[in-house]
Amino acid sequence: MSAAMEKSLAKKTVIGTRVPKPDAPDKATGRTRYINDMVLPRMLVGKILHTDRVHAKIISIDTRAAKALPGVHAVLTGDDIPELRFGPTRDNFPLKSKKVRCIRDEVAAVAAESEEIADQAIALIKVEYKDLKPVFSASEALSKGAPVVHEDHPDNRSLYYEFSHGDIAAAEAASDIVVEHEFEVPYVTHCCMGPSCVLADFDTTGKLTIYSQTQYPYNYKMDLAPALGIHPGDIRVIQPPVGGAFGSKLDVYPFEPICALLAKATRRPVKLTFSREEEFINSPTRQPVEFRIRSGVNKDGSLTFRSVDALLNNGAYTSWGPTTPVIQMRTFTGHFRVPAVEYKGLAAYTNNVYAGSFRGYGNVQATFVTASVMDMLAEEVGMDPIAFRLKNAQKSGEVTPQGSILDDCRLGDCIEIAAGKTDFLSKHAANIKNRDVPGTRKYGIGIATSIHNAGGAKIHKSDGCGTILKLDDYARATLITGASEIGQGIDAVLSQIVMEELGIPFADITIVNNDSALGPWDVGVHASRTTFIAGNSALRAARAARKQVLDAAAKQSNVTAEQLDLREGHVVQADNGVAIIKLDRLLRQMHFGEDHELVMVTDYYEPNSEPEDRNHVGNLSASWAHGAYVAEVEVDTGTGEVKVLKITAVQDVGRVINRLGIEGQMEGGISVSLGYALSEQLQMEDGKVLNPSFRDYKVPTAPETPEIELHFVESDCKEGPMGAKGIAELPAIIPAPAIANAVYNAIGVRFFAPPLTPEKVARALHQASFQ
Amino acid sequence: MSLEIEIKFSLNGRQTRLKVSPTMTTLAMLREKLDLTGGKLACGEGECGACTVLVDGHTINSCLMFAVDCDGRELQTIEGLATDAGLEIVQQAFVDHGAIQCGYCMPGMIMQARYLLDHNPDKGRKMTRDDIARGLEGNVCRCSGYTKVVDAVAAVVLEESPS
């Protein structure tokens, strides 16, 4: 009898435990090589000449002096390449040849032997322009006679979204109270710590290997190809570790095809890296929106209708920003039970910079509005903020007007837990009394809630993810997944799923997800989808491998596969944990025995969600989740400074898989929302970014971080892997309006345009004192 | 090409001699001449702390210090922190407490944390979470939200001075 056979191994679960990311030790020691750190032999440095105009005809570009500079290998302008259109609506070009439409526009690019030479060459390029009349505000762009940004869009209309449900006019006429508000949310930017960077390398047959920070490698090929005039199949995407993404790398941006065009022109690898200033000016922002919202409520506190007009400043080109109404309208139409709803969202071209996707994808903007309006309506009808929300919260089984199926709705639970844990109502009432007490320190408490897709979002024809799982002769597992790792920790979550199903230790699992030539397809890291979608695919693959292994073990013993389990590297009897055989030994027997069986399984998981129809109706996500967050603040009425003391977050997460990871995602999201609430705004004036540095664009730092208390509602989602839901966007969505509501509770002043900077708060208090 | 100047300094305990251009930054020297890419260029103007290294025991923004000024000094970078025995205690705490997500800012953050732990501003009193947060104010992180970073450093405070 071997030693293994004497062992009895108890069943242990790793689901819900605290698992450090497998790449953390290398990241802690500086060993990790980001693209920003990579050097290839014969590599050249790429640089872009951005325009200094916001709207102008290009008369001429003189590159002669730049080309003559020793060490310069290529200088490209739009005239050197065919007109290649790219972007979600094909309105962008890698290099602009006829006119420039915003301050970001790329008019020339250089590949040189060093950064110094590239900078010198850029400075030697002379561009002659004829300025055109610009337009910066979306409403002005839509007015008659406004300057035209794209000649093929003479009315400056870019994208339009409309949804309507119920009889709004009748609902409004029958409402006891009708209110109208206007909100404006600003340009903010991701501030990834790793500046944008790309490295392009063509082989001798014309195939491109691109080292990219992208968070959607498979569709990236499809989107990059038209910008280069090559076949998507001839692009291989390698994804070295990335210094933050947060949605900013969910599209192709001009610097990427430009770098590839330089590599093509020089037949050498070219790397192009943004400076921090370029990063602030030239990388995507969150979509700014102006909202007008009319809302109705009856005296008993029931919502009657909600009508929203959203005007989106498209900027000069279209990335994902102007498509965010798809998610935005789900919140306006489906958050709380509102019998009649309508949403109209129009994006207008201007000569401003343009927005991409940013953690929360339109719902950040929608939730700032809805959560603020809910507070105001509660006050209108004389109800407290908790009772009013509970009265209008949906119950399990309800379906929203756009078809989001709330089969297990925990909105009410989240609100009740958040209110209970924070002693909300007594603090809320006390703070109102304290407003009139002399003194400059006022305290406030505020709540906000939202809903978000938590089982992917079927905005493409497939929302799937593929997995290849193999076990080697030593019982080491390799999981090749389509899901990208951008710091969020899918590596740890997928490892846990493999550990749980196959009883293999963490250290014996390798996750491979950085090469489009190896990985099976995945939509990308977005929409809070990766744990849910990639997790489900990994789970199904792991279960198939488990079945194959247990079937083989059953075959050589006198028990059935169902009576066996995998624990700590052994096949054991499920009832008593007694080990039958070591897993690696079994795998070798399977491999080298007479059956010649290798364990390697594949899976493609497609969630049971549906794309929207033409009227924007459909159950877009396989699962939906709610959250309720409470903010407690201190406002200094002398300086206008708002200090967030505590955030209490309650969220339906389905099931916690990696406790360490979920806490990190929620704390990180809260920090981003804290910046949105209080300090972050890209200051735009006449199309130019006035504050392109960390000095003047204030992101939260450690001392501003409030105490954070997290409560997970584990609803055990029946479609989710191990019961889990997607979680990562709600923490970046809900805190900001909770903070604004808390500020109102403290000082009785309502803010309709974040960020609530000290200047803005002090000015509002000053104005209020004269009323 | 501009004139190069020879400098000598101690790098992670090892004597180093090399020629640098007078305009080269310490960060560029470490990354481009010595292949120590742990410290990152994230802003280039001393605002984010991702390039933090120790010079003569003090943390500096290596993106702002000329390489020639390293002459005769002692430099320690993130690469010099771990030993053959494994991760240094601060590095291990960052791993265990889940402080690291994308990790780009972490070499700088960890160097600042190590410095802070070695230079308790209020000697004799154990550092609080507020002390730690203030001490890390110059290091920007966009992933973690800082809570787990402070957790990690607070755990080291306890471990290094348990009483």
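Guide: Start with the buried residues of helix 3 of chain B: B:Met106, B:Pro107, B:Gly108, B:Met109, B:Ile110, B:Met111, B:Gln112, B:Ala113, B:Arg114 and B:Leu116. Buried means that 20 or more other C-beta atoms lie within 10 Å of a residue's own; with 12 or fewer a residue is exposed, in between it is partly exposed, and C-beta atoms are placed from the backbone. Ten of the 13 residues of this helix are buried, so helix 3 of chain B is mostly covered. Helices (H or I, at least four residues) and strands (E, at least two) are DSSP runs, numbered from the N terminus.

This is a predicted model: local features need pLDDT of at least 70, side-chain atom pairs count only at pLDDT 80 or more, and totals for chains, interfaces and linings use all residues. Residues are numbered from 1 along each chain as its sequence is written, and chains are lettered from A and ligands numbered from 1 in the order in which they are written.

Helix 3 of chain B reaches 18 Å from its first C-alpha to its last. That is close to the 18 Å expected at 1.5 Å a residue; the expected span is 1.5 Å times one less than the number of residues.

What covers the buried residues? On chain B, the cover includes strand 3 (52-55), strand 4 (58-61), helix 2, helix 4 and helix 5. From chain A, helix 2 (24-29) takes part.

Now the contact between the chains. Chain B gives 43 residues and chain A gives 44; two residues are in contact if their C-beta atoms, placed from the backbone, lie within 7 Å. On the chain B side, the elements that give two or more residues are helix 2 (89-96), helix 3 (106-118), helix 4 (129-135) and helix 5 (147-160). By class, that side has 24 nonpolar, ten polar and nine charged residues. Ala, Val, Leu, Ile, Met, Phe, Trp, Tyr, Cys and Pro count as nonpolar, Asp, Glu, Lys and Arg as charged, and the others, Gly among them, as polar.

Next, the domains of chain B. The assignment gives domain 1 (5-80) and domain 2 (89-160); such bounds come from an automatic or database domain assignment. Their centres, taken over C-alpha atoms, are 22 Å apart. Domain 1 of chain B puts 13 residues into the contact, and domain 2 of chain B puts in twelve. Strand 3 of chain B supplies the largest share of the domain 1 side, three residues. The residues of that side of domain 1 of chain B divide into seven nonpolar, five polar and one charged.

Then the partner chain. Chain A has 21 helices and 30 strands. Its radius of gyration is 28 Å, close to the 28 Å that the globule rule gives for 771 residues, so chain A is as compact as a globular protein of that length. That radius is taken over C-alpha atoms, and the rule is 2.2 Å times the number of residues to the power 0.38. The C-alpha atoms of chain A fill a box of roughly 90 × 75 × 50 Å along the principal axes. Buried residues make up 59% of chain A.

Strand 6 (residues 126-131) of chain A has six residues, and the number buried is zero, so the strand lies largely in the open. Six bridges join it, antiparallel, to strand 2 (residues 56-62) of chain A; strands pair if DSSP finds at least two bridges between them. In strand 6 of chain A, A:Glu128 is the bridge partner of A:Ser60.
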